[in-house]
Every structure is written in C-alpha cells, then in structure tokens.
Amino acid sequence: MGQNTSRRSVLQGLITSAIVIGFDLTTRSWVTSASATSVFESLPSLDGVLYTDNATLADASIDFGNIVHRQPIAVLKPGSIEDIVQVIQFARTHKLKVAPRGQGHSVYGQSQVEAGIVIDLSTLNKIHFIGTDRAIVDAGVVWSQLLQQTLAMGLTPPVLTDYIELSVGGTLSVGGIGGATHRYGVQVDNVLELKVVTGIGHLETCSLSYNRNLWFAVLAGLGQCGIIVQATVKLIPATTNARVFQLYYDDLATFTRDQRQIINDERFNYVEGQLVSNNAGGWRYLLEAASFYSPPSIPNNNRLLRELNYTPGTQQIEDKTYFDFLNRLAPTVAFLKSIGVWSYPHPWLNLFVPGSAVNSFVGEVAANLTLADTGQGPILLYPVKTKRFGLPNFRVPNCSVVFLFALLRTAVPPDDSVITKMLNDNRRLFEQNRDLGGYQYPVNALSFSKKDWQQHFHPVWGNLVSAKRRYDPDNLLTPSQGIFSNC
C-alpha cells in the first residue's frame, strides 16, 4: 500500500471503525474524526491501519492460551516497516506500552498489552527473496507459507516447529525447536541477518558480524529489545519424501537410551517422542523418527532400526511426502477447530530437563499423571544436543544432551479450578526441574517473577539488562513477559 493512500480510503467499508487522527494528551485516549474537538497530537501518516474498534481490541486480548486477557487501546496492522517505526516513536512519546503479535499462539498473554498498542505483524507477510541458501522474509510470514515456496525450488528451512502455522518473527523471538534440532540447532541458530525496530523506534540491521549486541539481544530475546520485522533465514536442499517410524516402548530408560543413540549417530533426520496412554491408567513411550529421501534412493530400514530395543511387533512405518509430514498436524488442528476445542484454555508447560535427571524426573511425573491432568493433550519427550545451540538467550541445562519435556495441556471449560490446578502443577514441576539444573522453554503458562527471570538468564542477565537500557530505555516493549516489570 503506497504512502499516498489515505487512511480514510483504507477504512472505507469498515463500519465498526472510526478513523484515528490523533491522541488526546489530557484524556490519554484516541481522537477520531467524529470527536476531533479536543487538543491532540496528530497521528503520523501510516500505510496500514490503526484500529480502535471494540471487536479488534477484543481479538487482541485473546491468545491461543485463552487464560490471560489484556485489552489494548489500539491495534496496528502495518502496511510497511515504516509504520512500526512511526508507531513505536509515537508510543514512546506518550508512554504507551507496545507488544508485537504474530499468530497469537502465546499461551499466557505474552503477546498482549494492557492499555497499550498491539502491533499485529500478520499483515507484514511478504517473501522478498529465495536464493540457493537463504530466504528474506517479513516477520509475519508463517513457516508453512515459506516452506511451500522453497520446496518449489528444492529447498527447505533446516528446522521447523511441529506446528508450521507460526510466524517467523514469533518463533525467532523464543527459539524455535523441532525434530531436526539435534542436527541443526533451533531456528534462531539458522538465521543470517535481521531487521529490527528497537524500543527507541530505530530500524536497524544486525547479524553475527554486524551490530552483534542487538543480534544477541533479539534472537530468543522474548521481544524485550526490539521487534523483528524481517529475517534472512538459511535454506538447505530438500528431499521429496519422508519415511516415518513410530516405535513403542514400555520402559522409560530403554526409550531414552535409544533416543540418545539415534541423535548421537544422526541416523535419522527427525527425532521426537511422546508419552502415550497404555489404556490401563499408565503410559507407554513412543519414539517418532523420520528419514528424508528422494527416489530412487530409499532408506534402509534394517540399518535405521539396528540395535534399537522397542517392543517387537509394535513398530509402524509409513511413507509420506516431505511437506505432508511437516504439515502433519493440519488435519488435527482443523478437527479441533471444527469442534471448538482449539479455543479452550491451554495451560502448557515446556521444560528442558538435564539428561542426567530425565529418567528420574519424568518417571516420577508419569507415575502421578493421568489423562485428565493433560486434558487429552500430547506429552512430548525428546533429546537435543546442546552443542548445536549458539545464541546466549536460548537457555538450556549445562550438559551435552537435554530433553524437551512438554505437557501440552488442554483445560475443558467452564471449571476454572481445572486451570488453576494445572497452573499450580506447572509451577511445581518447573521448580522441581529447576532444582535439578533444568530450565523452562519460555512459551509457557507459568507464573514467573523478575527473580525467576534473573535466574533463567544467568549468566547473561547483565548483558540483557545492558541491551534493554540501550535499545528500549523506556521499557516499552513486550511488557507482559514481566522480565523488567520493576523498571
């Protein structure tokens, strides 16, 4: 949308929206064309739209978690990066908090802001360039959108999250973990360059070799020092097919031992795992692995399965296209949406458990865990190698192998006591894992104090504080994380 397009023409037909023309300095409220009699400061010219209607504000106060609800006073749907620069500068002048929002997949209000401005990055969604080893994309691009275009050129991002309808900017702000992480690290380890709008309202470019302080502060930085608006991400050659193996175990120690073995020898391209109900009130263990290939070359099943100790006769092997495998959650998500469950509260918990403690910790949790405690949600358990991680803000235990243990719970409304119990369980399990040397993967429904954050980011806490003072000195950005709540 061009600079000469007026906001009035943009808003034609939007009956519920009044045209925002400024900000009343006395009432600290927006001034519209219908009430422009007060003294106000004019809003900068925008390529996109600043919404203040009740429906848009209500939508921005809800996220995937549907537990915490904070209502902003405006939502920017930018038409350009310059819109974000202008609105952050305007917000800074008037002491308004700002929160970026990608797909709204946060579970505890992290992408919300009370009485501030939400920047909805979903409208900033252009793929600018795809080359032989990289792609340049706006932050609002979702990974499925990028994948479809790169596959047409025989390329793929090295690491994708299980759910690929998340935004590039969103996952790069937290890390971005998936089944290929044991080979390639997390998504933030596969970025070449960023464009970032800081809390001062400056558009800056950063990379590992240029503007390194901002680079290290923003990747997995939870939106504290800048809003990622564009990213140059790595690409690698893609295959056309995936052979998917599902192997069942009755013993936790045998399961985790085999998982360690196959990530160490890297015989599979993808490795994850789950706890699944054994229909007798307990749990079995499912090792999920995939070998990527393009015919006429095909995987050797005997080589891939050698020396693995799964329960004989339980293995399931299936061939899929590469895209269908990576997009495997789409039918389940569509079904959950069709029956209304997708909008239920999701008190999720994701923990990084030290490899030395995984059997005792997960074994104790599993012994006391029922399907009702999860709301039928999946329970993930799989290992990753920490030597693949290179970004200081992505915090994991200090050992060579750590396990992601994720309770992806669903709470069935309307009984709020169920949510409360799950949230209390999350805190208890976090503390238990923390005392073992573990960390949270910070995408959780988890009460976290500033002291908790200091412990989480130790020993890089001082670097993050320095970056915050430099790039967001007024503490505008992403306040609902609570990291600098006392600043």
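Two strands pair if DSSP finds at least two bridges between them, and the legends below use the word in that sense for a model that is predicted.

**View 1. Strand β7 and its two parallel partners.** Strand β6, which covers residues 98–101, pairs with β7 in the parallel sense over four bridges, and within this pairing V98 stands opposite I117 of β7. Strand β5, made of residues 74–77, is also joined to β7, here by three bridges and again with the two strands running parallel; in this case L76 is the residue that stands opposite I119 in β7. In a regular strand the side chains alternate between the two faces of the sheet. Strand β7 itself covers residues 117–120, with I117 and I119 pointing one way and V118 and D120 pointing the other way, and all of these residues are buried.

**View 2. Strand β21, covered on both faces.** Seven of the seven residues of strand β21 (residues 401–407) are buried, so this strand is largely enclosed by the rest of the structure. On one side lie V401, F403, F405 and L407, and on the other V402, L404 and A406, all of them buried, so that both faces of β21 are covered. Strand β19, which runs through residues 349–354, pairs with β21 in the antiparallel sense over six bridges, and F352 has L404 of β21 as its bridge partner. Strand β20 (residues 379–385) likewise runs antiparallel to β21 and is joined to it by seven bridges; L404 of β21 is here the bridge partner of Y382.

View 3. The five strands follow one another in the order β8-β9-β13-β11-β12, and they pair in the antiparallel sense to form an open sheet. Because β8 (127–130) and β12 (203–206) stand at the edges and have a single partner strand each, one side of each is left without a neighbour in the sheet. From one strand to the next, the twist averages 15°. Between strand β9 (residues 134–138) and strand β13 (residues 226–234), which run antiparallel, there are five bridges, and R134 stands opposite K234 in β13. Helix α4, formed by residues 143–151, lies across β8, β9 and β13 and runs at about 35° to β8.

**View 4. The second largest pocket and the residues that line it.** Rolling a probe the size of a water molecule over the atoms shows where empty space is left. The second largest pocket holds about 260 Å³ of space. Its lining is made up of 21 residues, and those that lie nearest the centre of the pocket are P158, A180, N269, F292 and Y322. Two or more lining residues come from each of the elements α6 (181–184), β14 (236–237) and α10 (322–326).

View 5. Residue L371 lies in helix α13, which covers residues 371–374. With a relative accessibility of 34%, L371 counts as partly exposed, because that class lies between under 20% for buried and over 50% for exposed. When its neighbours within four places in sequence are left aside, L371 is in contact with S277, W283 and Q376. The C-alpha atom of L371 is separated by 41 Å from that of G154, a residue that stands 217 residues apart from L371 along the chain.

Notes
Residues are numbered from 1 along each chain as its sequence is written. This is a predicted model: local features need pLDDT of at least 70, side-chain atom pairs count only at pLDDT 80 or more; totals for chains, interfaces and linings use all residues. Side-chain values use heavy atoms; hydrogens and water are left out. Axes are lines fitted to C-alpha atoms, for helices over the stretch in contact, and angles run from 0 to 180 degrees between N-to-C directions. Contact means heavy atoms within 4.5 Å. Buried means under 20% relative accessible area, exposed over 50%, partly exposed in between (1.4 Å probe, protein chains only). On a 1 Å grid over the protein atoms alone, a cavity is a set of points where a 1.4 Å probe fits but cannot get out, and a pocket is an open set with protein on both sides within 12 Å along at least five of seven lines; lining residues have an atom within 4 Å of a point. Grid points are joined across faces, edges and corners, and a volume is the space filled by probe spheres set on the points.
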